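Student: I would like to go through the labels used for this structure and the cut-offs behind them. Where do we start?

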Amino acid sequence: MVLSSVLGFPRIGANREVKKAVEAYWAGKLSADELTKAAADVKKASWTSLKERGVNLIPSGDFTLYDHVLDHSAAFNVIPKRYLGKGLSPLDVYFAMGRGRQADGVDVPASEMKKWFDSNYHFVVPEFSEETEFKLNFNKALEEYREAKDLGIETRPVVLGPVTFLALGKPAKEARAGFQPISLLPQLIPVYKQLLAALKDAGAESVQIDEPILVLDSAALYEKQFAQAYAELAPVSPKLVLTTYYGRLDSNLSFVAKLPVAGLHIDLDRAPGQLDEVIAAVKPTNLILSLGVVSGRNIWKTDFQAALKLGQKALEALGKDRVIIASSSSLLHTPKDWFAFALEKASEISVIAAALSGSQDAKVAEAVEANKVSIAKRREFERNSDATVRNRVAAITPDMLERKSPFSVRKEIQQKQLNLPKFPTTTIGSFPQTKEIRQARAKLNKGELSQEEYEKFIEKEIENVVRFQERIGLDLLVHGEPERNDMVQYFGEQLEGFVFTQNGWVQSYGSRYVRPPIIVSDVSRPKPMTIRWSSYAQSLTSKPMKGMLTGPVTILNWSFPRADISRELQCKQLALALRDEVVDLEKAGIKAVQVDEPALREGLPLRKADWDAYLSWALPSFKIATAGVTDALQTHSHFCYSDFDDIFPSIQALDADVISIEASKSDMKLLNTFKHYGYSNQIGPGVYDIHSPRVPSEEEIKERLAAMLAILPGELLFVNPDCGLKTRGWKETEASLVNLVNAARWARQSY
Ligand code: GLN
Ligand code: ZN
């Protein structure tokens, strides 16, 4: 029989129960036991519904209170020293690693976070050194396996594989120069053996061992390590299903097919083209092939006919018992309900598996037929396009991508009208989204507040933010974004072509969730989106006010895109809509406009061979959006990451007048990038990490400025935090920004 399998499930609860419980625990309103209980309820609900939907291989061990990679680090005792010896419970050490801690005399920053492959999920980066002593602090996979078993549900435990674990990590500060985490593999394997053997003892028949690193070019370097690790693990483990996702195996397939594992999972949503070569490679072996035909990354209904065709092909080559039908990746990236969300996907997987097994169940035939009708309807809808939008994209000319004059000329003109001091201080846009702001929005949505009352409230918020910035002496002001529920959703709601969900939350990091909009048809801007608030904010002050927009690439990457037309076409439609907005902002008297592109890098394909194809439309899209204005408008862009090693030339090519980037969260390592490439336009590497409530001292900020000034020309430097402040409270925001302004004043005296 063809089995069905789900690789992982949303861990947030159907109604964000996990977020609520975790945040209540942080606030001291929930005990550790109550937190555990809340988590158990969510796990139980997930397992039960997967079982009800007929999924054969149900995942366990994929749940988390914060991040599954962080769980794994904590379990394997990969805990940086700075979190230990402070009298914290293991649970509080865990949360301190994730989000920092500044209370009761303990003051430690959060660990670095990085985007998980090419998704908008963030994981906490493990830190390794020669002193890392692996041991099993707890066996999460085993505990959850038993937890499900006690409920009468047999599951397949999910474990992050050893090579991916090490490869995703970074050398700790205390590691010797040149230290490579992968060198620790021999010490790590015995602990994996212990973990896997315990699962076998407990009765687990198979284990899903995730090695997503295998879809990257860099995995080729680890051929030997893969061979070594799996030769040692396989004999003591339950059947191992080596699991890859988000891309194709490519040349790594040659060694993967030889590993002594029981099964291999491949992603046929992202890389359907790899099926033939994978079948050819596994045919002579005994490997079971798990086909990821139901997307873990998008929300569109699966086209059963297409999925069945792929399944049939594998079936003919390998036989029923060697084929599993699965989600392409964990469903953690999809919301739990509505559309073809996580639960519907689980049903889709069971139906496809049943149909392939030759099931005579009338329900299966009905479901296949209903799917055919629904997909045909959708295709019909997709054929209706907005001719005006399509024609406008087709008419884009190269000159629309370039500013009128080069940066050196623009800089003079802009300086005249902005009149900023040396080392100008600014922020990235948002100020704390307080409970009051969220409540006002909720009341507006429920009709308890009229549009007029709501707008009065927002005006008051903007005024407070403006007065605050004037009072502490910031130079280039922002309006604070109180009117925005989310930097992508806010624009999606005002653009033609988007739809939204009520409860379609997806985890971004820790207890932060987002509700990605869904692009369903051609995108256009029926009317200005931000002018009202930006001009109001500017009217309050004589200091310059920065307009604030989300860029086309980021709106695309943080939405669920359509599956019928290219991402390029969708991005250019967005770019034109934003271009009109930037032009309108300038007309309204705004002198600086920031177009955020924090997701530009995240969208970069996992394989280097595919980069140029992506950049060839992503970079022009940003330029289309920002180049419609006169030389006098100062364009800013913002990027929430620091891994610029390979794409820095692309960032330069955007030709924004000022860019701001995350620097502090990642130990200022991007300064090396500047050393290497130099930078021609103005730049604000963040001087403090905003992901944690911790207040940076003035000294700390000065040190960072000094380090930057050792590398960057002083006349190019802006002083700003790493990112927007919407997730912070006012208390720490105020204290941090006062320190930032003082540090900039000090720099003006000293440099
Ligand atoms: N302007 C946005 C803000 O300040 C940028 C957020 C981001 O880059 N993720 O919140
Ligand atoms: Zn940011």
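Tutor: With the core: a nonpolar core is a set of buried Ala, Val, Leu, Ile, Met, Phe, Trp, Tyr and Cys residues joined through side-chain atoms within 4.5 Å. The model is predicted, with local features needing pLDDT of at least 70, side-chain atom pairs pLDDT 80 or more, and totals for chains, interfaces and linings using all residues. Residues are numbered from 1 along each chain as written, chains are lettered from A and ligands numbered from 1 in the order written, and side-chain values use heavy atoms, without hydrogens and water.

Student: Which residues have the most contacts inside the largest nonpolar core?

Tutor: That core has 102 residues, and Phe76, Trp116, Phe134, Leu199, Leu264, Leu289 and Leu291 have the most contacts inside it. A second, separate core of 92 residues includes Met487, Met548, Ile659 and Ala747.

Student: What makes Cys571 buried?

Tutor: Buried means under 20% relative accessible area, exposed over 50%, and partly exposed in between, with a 1.4 Å probe and protein chains only. Cys571 has 0%, so Cys571 is buried.

Student: Why is Cys640 called partly exposed?

Tutor: Its relative accessibility is 22%, so Cys640 falls in the partly exposed class. Cys723, at 18%, counts as buried.

Student: How do you know that Cys571 is in no disulfide?

Tutor: A disulfide is a pair of cysteine sulfur atoms within 2.5 Å. The nearest cysteine sulfur to Cys571 belongs to Cys640 and is 17 Å away. Searching the whole structure gives zero disulfides.

Student: Which residues coordinate the zinc ion (ligand 2)?

Tutor: His638 (NE2), Cys640 (SG) and Cys723 (SG) do, at 2.0 to 2.2 Å. Donors are N, O and S atoms within 2.8 Å of the metal (3.2 Å for Na, K and Ca); water is not among the atoms, so sites may look incomplete. Along the chain the donors follow the spacing H-x1-C-x82-C. Cys640 and Cys723 are 83 residues apart and link distant parts of the chain.

Student: Why is the arrangement around the zinc ion (ligand 2) called irregular?

Tutor: Four donors count as tetrahedral if all angles lie between 85 and 135 degrees; four count as square planar and six as octahedral if opposite donors are over 155 degrees apart and all others between 65 and 115; anything else is irregular. The four donor atoms here subtend angles of 81 to 122°, so the arrangement is irregular.

How values were computed. Helix = DSSP H or I, 4+ residues; strand = E, 2+ residues; numbered from the N terminus.
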